[in-house]
Amino acid sequence: MLKLTPAERSELRSEAHALKPIVLIGEAGLTPAVIKEIDAGLNAHGLIKVRVFGDDREARIGMYDTICAELNAAPVQHIGKLLVVYRPKLEGTKETKLVKKGKGMREVTIVKPSPSGTKKPTVSKVMVKGNERVTQGGNIKRAKPRQSSAKKSSLANS
């Protein structure tokens with residue numbers, strides 16, 4: 001079973017606040033299929049909520065301990081019928097792809113038709129900054145700062 005410091009547990013509790021339960025444990029209890037589903041959820045998300053339908057508190061605590069022990073996860077929180085479980089996500093290729101999408105320079109291919117329409121279109125590759133976009137006509141436009149109202153700026157100054 002994974003151990004967490006109180007500060008880490010507090011941080012994970014705040015992250016889990018907005019989560020919805022992704023696994024529901026019914027009358028059948030903790031079956032191998034349920035454990036497999038919790039494992040898949042931990043692999044995908046790292047931090048998950050599990051809802052247990054059942055009124056026996058001792059049984060819920062037993063399930064919580066079993067889940068954490070079998071899946072090498074850390075217990076974060078147990079409130080009523082909700083269990084919050086954490087296991088660090090495995091380093092995957094998807095993470096690096098998401099990080100790479102930034103507001104940096106990117107290469108864009110611009111194809112402009114010829115003015116007469118009889119010749120080949122002109123193709124050019126241009127480096128575009130994060131605050132620029134390519135219009136329908138193939139021109140590059142820079143994002144302008146947001147316009148501010150004259151009335152609002154005069155009220156703020158007074």
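**Entry 1: R13**

I looked up the contacts of R13 first. Leaving aside neighbours within four places in sequence, R13 is in contact with V76 and Q77. I noted that the model is a predicted one. R13 lies in helix 1, which spans residues 6-16. I then checked a distance. The C-alpha atoms of R13 and V84 are separated by 8.0 Å, and the two residues are 71 residues apart along the chain.

**Entry 2: the cores**

Next I looked for nonpolar cores. The largest has 17 residues. Those with the most contacts inside it are I25, I38, L42, V50, I67 and V85. Which elements give two or more residues to this core? I listed strand 1 (23-25), helix 2 (32-45), strand 2 (47-52), helix 3 (57-70) and strand 4 (82-86). I wrote down a general point here: in soluble globular proteins, nonpolar side chains tend to be buried together.

Neighbours within four places in sequence were left aside. V85 is in contact with L42, G46, L47, I48, Y64, I67, C68, A73, A74 and V76.

**Entry 3: the hairpin**

I turned to strand 3, residues 74-79. Strand 3 and strand 4 run antiparallel, and five bridges join them. I79 stands opposite L82 in strand 4. The two strands form a hairpin with two residues between them. In the turn, G80 has a positive phi of about 60°.

**Entry 4: R60**

I found R60 in helix 3. R60 is buried yet has no salt bridge. Which side chain of opposite charge is nearest to R60? I found D55, 5.3 Å away. The salt-bridge cut-off is 4 Å. Leaving aside neighbours within four places in sequence, R60 is in contact with V52, G54, D55, H78, G80 and K81.

**Entry 5: N72**

Last, I looked up N72. N72 is found in the loop between helix 3 and strand 3. Most residues other than glycine have a negative phi. N72 counts as partly exposed, because its relative accessible area is 42%.

Conventions:
Residues numbered from 1 in each chain as written. Predicted model: local features only at pLDDT ≥ 70, side-chain atom pairs only at ≥ 80, totals over all residues. Heavy atoms only, no water. Core = buried A, V, L, I, M, F, W, Y, C linked by side-chain atoms within 4.5 Å. Buried < 20%, exposed > 50% of the residue type's maximum accessible area, 1.4 Å probe, protein only. Helix = DSSP H or I, 4+ residues; strand = E, 2+ residues; numbered from the N terminus. Contact = heavy atoms within 4.5 Å. Pairing = 2+ DSSP bridges. Lys, Arg positive; Asp, Glu negative; His and termini not counted.
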